[in-house]
Each structure stands twice: as C-alpha cells, then as structure tokens.
Amino acid sequence: MCLAVPAEILSVSPNGSDAMASIGGIEKPVDVSLIDHPVPGDWVIVHVGFALNRIDAKEAEETLRILESAGELREGMTITSGGARP
C-alpha cells in the first residue's frame, strides 16, 4: 500500500524543485516542484516522492502520531516510490 505521509522540509535545492525532507525522522529527497515557494520548516504531504501540498505542523504531528500508533510508521522505515518498506 502506498501512503501519503507528512514530511518536514529541511533544505531546498537552488533550483527550488528538489528538497531534503524528514519523514518520520528519516531524511529523504523529495520533489517539491508542485509547492509554491517551498522553504525549510514547511510541512508537506509526500506521496511517491512528490510533495503534494503544505499542511500545518499540528496536523502533521497528529497524522504522524496516528500512523505510528497504527504501525504504519516505524523507526528505520524506508519510504520509496513503491510505498513504505521496513
């Protein structure tokens, strides 16, 4: 199953279309070309490596807490274009 998960943007490339993001504590590159003016600190929803839209930090934290309690987000998990893999 593929999930759209909250991620915090850590840095944005000079071209503005790629970023490094923290997804459940794991740093992954994401495509932010669909987000207007992404900046470090923004929270976004990521699906198959693409940031789809911004969300507020409170919503992101609540979603991460729900995913964690449901066992969908675990420490050491890898988020790939094919979905979440342990």
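Reader: Thanks. What kind of model is this, and how are residues numbered?
Author: This is a predicted model: local features need pLDDT of at least 70, side-chain atom pairs count only at pLDDT 80 or more, and totals for chains, interfaces and linings use all residues. Residues are numbered from 1 along each chain as its sequence is written, and side-chain values use heavy atoms, with hydrogens and water left out.

Reader: What's the fold pattern along the sequence?
Author: Reading along the sequence gives β-β-β-β-β-α-β-β, with 1 helix and 7 strands in the chain. These elements are DSSP runs numbered from the N terminus: helices are H or I with at least four residues, strands are E with at least two.

Reader: Which strands pair with strand 1?
Author: Strand 2 (residues 18-23) pairs with strand 1 in the antiparallel sense over 4 bridges. Strand 4 (residues 43-47) also runs antiparallel to strand 1 (residues 5-12), joined by 4 bridges. Pairing here requires at least two DSSP bridges between two strands.

Reader: Which residues sit across from Ser11 and Ala7?
Author: Ser11 stands opposite Met20 in strand 2. Ala7 has Val44 in strand 4 as its bridge partner.

Reader: How many residues lie between strands 1 and 2 in the hairpin?
Author: There are 5 residues between them, and Gly16 in that turn has a positive phi of about 75°.

Reader: Which residues other than glycine have a positive phi?
Author: His37 is one, with a phi of about 50°, and Val48 is another, with about 45°. For context, most residues other than glycine have a negative phi.

Reader: Where are His37 and Val48?
Author: His37 is in the loop between strand 3 and strand 4, and at 70% relative accessibility it counts as exposed. Val48 is in the loop between strand 4 and strand 5, and is partly exposed at 32%. The cut-offs are under 20% relative accessible area for buried, over 50% for exposed, and partly exposed in between, with a 1.4 Å probe and protein chains only.

Reader: Handy. Which nonpolar patch does Val48 belong to?
Author: Val48 forms a surface patch with Leu34, Phe50 and Leu52, about 330 Å² of accessible area together. Patch members have over 30% relative accessible area and no salt bridge; like charges are joined within 9 Å, and nonpolar side chains (Val, Leu, Ile, Met, Phe, Trp, Tyr) within 5 Å. Phe50 lies in strand 5 (residues 50-55) and is partly exposed at 36% relative accessibility.

Reader: Switching to the inside: what makes up the largest nonpolar core?
Author: That core has 13 residues, and Ala7, Ile23, Val30, Val32, Val44 and Val46 have the most contacts inside it. Strands 1, 2 and 4 are the elements giving two or more residues to this core. A second, separate core of 5 residues includes Trp43, Ile45, Ile55 and Ala60. A core is a set of buried Ala, Val, Leu, Ile, Met, Phe, Trp, Tyr and Cys residues joined through side-chain atoms within 4.5 Å.

Reader: What does Val46 touch outside its sequence neighbours?
Author: Beyond neighbours within four places in sequence, Val46 is in contact (heavy atoms within 4.5 Å) with Leu3, Ala4, Val5, Ala7, Ile23, Val30 and Ala51.

Reader: And Ala4, where is that one?
Author: Ala4 lies in the segment before strand 1 and is partly exposed at 38%. Leaving aside neighbours within four places, Ala4 contacts Ile45, Val46 and His47.

Reader: Last topic: how many salt bridges are there?
Author: The structure holds 2, where a salt bridge means a side-chain nitrogen of Lys or Arg within 4 Å of a carboxyl oxygen of Asp or Glu. One joins Asp42 and Arg54 at 3.0 Å, N to O. Asp42 is in the loop between strand 3 (26-31) and strand 4 and Arg54 is in strand 5, so the pair ties together parts 12 residues apart in sequence.

Reader: Is Asp42 buried or exposed?
Author: Asp42 counts as buried, at 14% relative accessibility, while Arg54 is partly exposed at 36%.

Reader: Which residues make the other one?
Author: Arg65 and Glu62, also with 3.0 Å from N to O. They are 3 residues apart in helix 1 (residues 57-69), so about one helical turn separates them.

Conventions:
Areas by Shrake-Rupley, 256 points an atom, 1.4 Å probe, with all protein chains shown as cover.
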